Amino acid sequence: MSVTIKDVARAAQVSVATVSRTLNGHGNVAEEVRRRVLAVAQGLRYTPHAAARSLSSRRTHTLGVVLPDLHGEFFSELVRGVDQVAREHRLHLLVSSYHGRPEEQAAALRAMRGRVDGLLVMSPYVAAQAPIVDELDAAMPIVLINTQSAVPGLLSLSVDNYGGAQAMVEHLVDCGHRRIAFIAGPEDNFDAHERLRGYREALARLLPDASEWVLPGQFDEASGHRAGQALLAAPQRPDAVFAANDMMALGCLFSFVQAGLKVPDDIAVAGFDDIPLARYVHPTLTTMRVNIAELGARAARLLLTQLGTDAAAQEQQPSMDEPRQSEPLRPELIVRESGVRRGGGG
């Protein structure tokens with residue numbers, strides 16, 4: 001038989017209201033009474049009834065997370081960061097995906113209605129921007145992650161994909177590489193677009209006589225492998241390959257190893273994101289590190305600010321009619337074996 005709040009009140013010799021105030025962290029309870037109630041609740045192994053708490057507080061104590069996909073280390077790391085912050089505040093997560101299909105984002109957002117107190121939405125697809133505003137309750141706190149543009153009234157958090165891509169091209173040029181190929185991501189993906197833009201502008205600035213060499217990709221290992229095979233079949237191979245994410249870089253790296261090439265002696269390979277696997281392949285992968293878990297944690301903290309857990313920070317927020325862009329997360333160049341200086345230097 002489950003223990004009820006009445007059982008705790010009876011054992012602690014206080015009212016049900018006092019138990020409720022104590023367990024909900026209200027300050028109008030004497031310290032001695034608070035300690036007694038908490039000790040009794042722990043001794044009886046009392047767990048508050050989530051549905052009842054939701055009815056009384058109109059809170060679900062749950063954060064919603066809507067992602068483009070759930071497959072791959074990037075998304076697992078992102079959710080890990082969100083979950084860490086949620087657990088610190090005794091909140092639960094409800095996670096959904098629109099399976100890489102932007103047209104299904106609206107359905108995923110509708111499914112969250114009434115089930116969560118606030119939403120984290122990663123929406124890098126250009127076609128998915130409009131449904132965000134159309135499908136959400138205006139009163140629902142929300143933080144957007146890696147959207148194409150700021151939406152009035154909504155907080156957004158992004159990665160400096162453009163600057164990160166430029167930094168990688170600068171590194172490859174400094175290493176002596178002159179023919180640098182780029183494996184792009186999905187055409188309708190904002191992250192991919194910004195990384196391609198960074199590659200193109202850095203190449204034009206640093207190697208004005210060099211030609212762009214862009215291959216299609218889909219942010220997965222298979223498309224990276226196909227790009228690697230295409231490069232192997234080219235009349236002249238590039239000096240280096242920069243993939244718009246690590247999964248494609250790993251697929252490309254595998255195709256080169258299969259063909260008997262030595263990386264980086266014959267050709268250098270670099271990626272973007274620094275997923276955990278990047279440091280455990282052979283050779284280890286040079287990449288732009290995005291602290292993916294920290295990205296998720298920062299987004300969760302911004303959402304908690306909207307939920308009123310940080311009143312001081314909330315007062316400093318701009319007007320709801322203004323785009324509210326948080327400082328972008330800046331990637332860090334991580335040089336490993338796959339993309340070192342020609343001739344062996346670091």
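This is a predicted model: local features need pLDDT of at least 70, side-chain atom pairs count only at pLDDT 80 or more; totals for chains, interfaces and linings use all residues.
Residue numbers start at 1 along each chain as its sequence is written, and side-chain values rest on heavy atoms, with hydrogens and water left out. Local features need pLDDT of at least 70 and side-chain atom pairs count only at pLDDT 80 or more, while totals for chains, interfaces and linings use all residues.

The chain has 13 helices and 12 strands; these are DSSP runs numbered from the N terminus, with helices being H or I of at least four residues and strands E of at least two. Of its 346 residues, 50% count as buried. Buried here means under 20% relative accessible area, exposed means over 50%, and partly exposed is in between, using a 1.4 Å probe and protein chains only. Taking contacts (heavy atoms within 4.5 Å) between residues at least 6 apart in sequence, 70% join residues at least 24 apart.

Now for the inside. A nonpolar core is a set of buried Ala, Val, Leu, Ile, Met, Phe, Trp, Tyr and Cys residues joined through side-chain atoms within 4.5 Å. The largest one holds 72 residues, and those with the most contacts inside it are L120, Y199, F242, F256 and L295. Helix 12 (residues 292-306) supplies the largest share of this core, eight residues. Setting aside neighbours within four places in sequence, L295 is in contact with F74, L78, I145, L157, V159 and L329.

A search of the whole structure turns up zero disulfides, a disulfide being a pair of cysteine sulfur atoms within 2.5 Å.

The second largest pocket comes in at about 460 Å³. A pocket is an open set of points on a 1 Å grid over the protein atoms alone, where a 1.4 Å probe fits, with protein on both sides within 12 Å along at least five of seven lines; lining residues have an atom within 4 Å of a point. Its volume is the space filled by probe spheres set on the points, which are joined across faces, edges and corners. The lining has 23 residues, and H71, F75, Q218, F219 and N245 are the closest to the pocket's centre. Helix 5 (73-88) and helix 9 (190-206) are the elements that give two or more residues to the lining, with helix 5 giving the most, three. By class, the lining has 10 nonpolar, six polar and seven charged residues. Nonpolar covers Ala, Val, Leu, Ile, Met, Phe, Trp, Tyr, Cys and Pro, charged covers Asp, Glu, Lys and Arg, and the others, Gly among them, are polar.

Helix 5 also contains S76, which is partly exposed because its relative accessibility is 41%. S76 and I275 sit 199 residues apart in sequence but 9.9 Å apart in space, C-alpha to C-alpha.

Finally, the backbone. Most residues other than glycine have a negative phi, and most peptide bonds are trans. F219, in the loop between strand 7 (214-215) and helix 10 (221-232), has a positive phi of about 65°. D273 has a positive phi of about 125° and lies in the loop between strand 9 and strand 10; D273 counts as buried because its relative accessibility is 6%. The peptide bond from V263 to P264 is cis, with omega near 10°, and P264 is in the loop between helix 11 (246-258) and strand 9 (268-270). Another cis bond joins H282 and P283, with omega about -5°, and P283 is in the loop between strand 9 and strand 10 (287-289).
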